[in-house]
Amino acid sequence: MRSPFPLVAEAVPSKSTFRVPAWGGTTDVPGSTDDGITGLAECIAITPVTRDIISIDLRAPWLTAVDFEPGQYLTVRVPELGLDRCYSISSAPLGTNTFTLTVRRRPGGAVSSHLHDRLRVGDRLHVDGPYGLFSTSFHPARRHLFLSAGSGITPIMSMVRALLARTDPETLDVVLVHSASTPDDIVFRTELDQLAEVPGITVITVCSRDSATEVWAGRRGRLSHEILAEAVPDAWNRETFVCGPTGYMDAVRPLLAEVGVRAIHEESFVFSTSPAARLAKRSGQGRKSVGGVGTRPFSITFATSGTQVPCDAETTVLDAAFAAGMAFTSSCEQGMCGTCKSDLISGDVEMNHAGGIRPKELVAGRFLPCCSTPLSDLVVDR
């Protein structure tokens, strides 16, 4: 999933300088709590939500209380598979050491299929985070509009639950519009019905079609200008959060522009193309190839392996490593999941990430090769 509001940091002491537009602090970086939730979490409950979505309750026994902002996500590694995926936390921060991930089965998805078919109470998953800027904590407002489709409601429910717990009931002003394929596919349906009865919260559910067991009596079809204008006439005056599949996100943006919404925050877990495909695209667009003629390539030395590779200022450290045939653990390749985190021993990089690294890691000289381009010769502990 990618956030359109990249986290960036500057002036990190001792090992490296991350030179990017900053908001005025050395380590005061929104998007991640400082201590984090990193370790093997125990599965304590699994609850079916819809035909292809489950909620997994996890306990972090090494913590007294898990610390995250509503709407953030974790990178989850299944030890048996050795694979990482990003999943939003659907629960609100409760001051306990438990939290919930809500996971949709993806067709052909190795990790989601494993979690649905093989995960059992008592099993452990490695979690790392929290990451991300998609949170009301970082974009506070008096009025909120939440738009979601399918499992995109997961981080939004975390935020709504937190707002309900933290906000004075007399000032609560939330509109939540959720889109589903059929009534059977409405995520958190019982809770949405309950929320619709809470003063200050308006819930609108839109279904594209009937299910085999229910004729849908609510709004039908896809989210439209008419539905938005009728249900949220003051949409232009609300802080808006949108999460859902790529097609949904692409359709919603022009609708929001039509009704005058400007303060929009998005999250969509769409993993990047392969390194080879990205490098081919760069070449096809006439951009300089890695270490290409016409620009002085910087040198990247990977200290552990002793490998040295060229990398120009338009190429990420990760792509340069891949172009040189190096094996490099990575997952999202968008600065989100934190899988490729490495130690920068020396040199400067420009890093535009999407929340996949915490402030304390920046201070320790860590960086994300997938979203960092060199500003000088580098030495990387890898």
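**Contacts of a lysine and other features**

Modeller: This is a predicted model. K341 touches D128, Y131, G356, I357, E361, R366, F367, L368 and R382, not counting residues up to four places away in sequence. K341 lies in the loop between α7 (317-323) and β16.

Colleague: Why is K341 called buried?

Modeller: Buried means under 20% relative accessible area. K341 has 8%, and therefore counts as buried.

Colleague: What makes the approach of the K341 side chain to the side chains of D128 and E361 a polar contact?

Modeller: The cut-off for a pair of N or O atoms is 3.5 Å. The contact between the side chains of K341 and D128 is 3.3 Å, and that between K341 and E361 is 2.8 Å. Both values lie within the cut-off, so each counts as a polar contact.

Colleague: Why is the pair F134 and F241 called edge-to-face?

Modeller: A search of the whole structure finds three aromatic pairs. In the pair of F134 and F241, the ring centres are 5.6 Å apart and the planes stand at 75°. Together with F146, F134 and F241 form one aromatic cluster.

Colleague: How do you know whether F134 and F241 are buried or exposed?

Modeller: The relative accessibility of F134 is 1%, and that of F241 is 0%. Buried means under 20%, so F134 and F241 are both buried.

Colleague: What makes R161 a charge that sits over the ring of F188?

Modeller: The charged end of R161 is 4.9 Å from the centre of that ring. F188 itself lies in the loop between β9 (174-180) and α3 (189-195). With a relative accessible area of 11%, F188 is under the 20% limit and is therefore buried.

Colleague: Why is the phi of F188 worth a remark?

Modeller: Most residues other than glycine have a negative phi. F188 is not a glycine, yet its phi is positive, at about 60°.

Colleague: What makes the peptide bond from G129 to P130 cis?

Modeller: Its omega is near 0°. P130 is found in strand β7. Most peptide bonds are trans.

Colleague: Why are β15 and β18 called edge strands?

Modeller: Five strands form an open sheet with mixed pairing, in the order β15-β14-β20-β16-β18. Each of β15 (307-311) and β18 (366-367) pairs on one side only.

Colleague: How do you know that β16 and β18 pair?

Modeller: Pairing requires at least two bridges. Strand β16 (residues 342-346) and β18 have two bridges, in the antiparallel sense, and therefore they pair. S342 has F367 in β18 as its bridge partner.

Colleague: How many disulfides are counted?

Modeller: The count is zero. To qualify, two cysteine sulfur atoms must lie within 2.5 Å. As for individual cysteines, C86 has 4% relative accessibility and so counts as buried, and C207, at 0%, is likewise buried.

Definitions and conventions: Residues numbered from 1 in each chain as written. Predicted model: local features only at pLDDT ≥ 70, side-chain atom pairs only at ≥ 80, totals over all residues. Heavy atoms only, no water. Phe/Tyr/Trp six-rings, centres within 6.5 Å; stacked < 30°, edge-to-face > 60°. Buried < 20%, exposed > 50% of the residue type's maximum accessible area, 1.4 Å probe, protein only. Lys NZ or Arg CZ within 6 Å of the ring centre and 35° of its normal. Helix = DSSP H or I, 4+ residues; strand = E, 2+ residues; numbered from the N terminus. Polar contact = N/O pair within 3.5 Å; in protein donor to acceptor, adjacent residues only side chain to side chain. Contact = heavy atoms within 4.5 Å.
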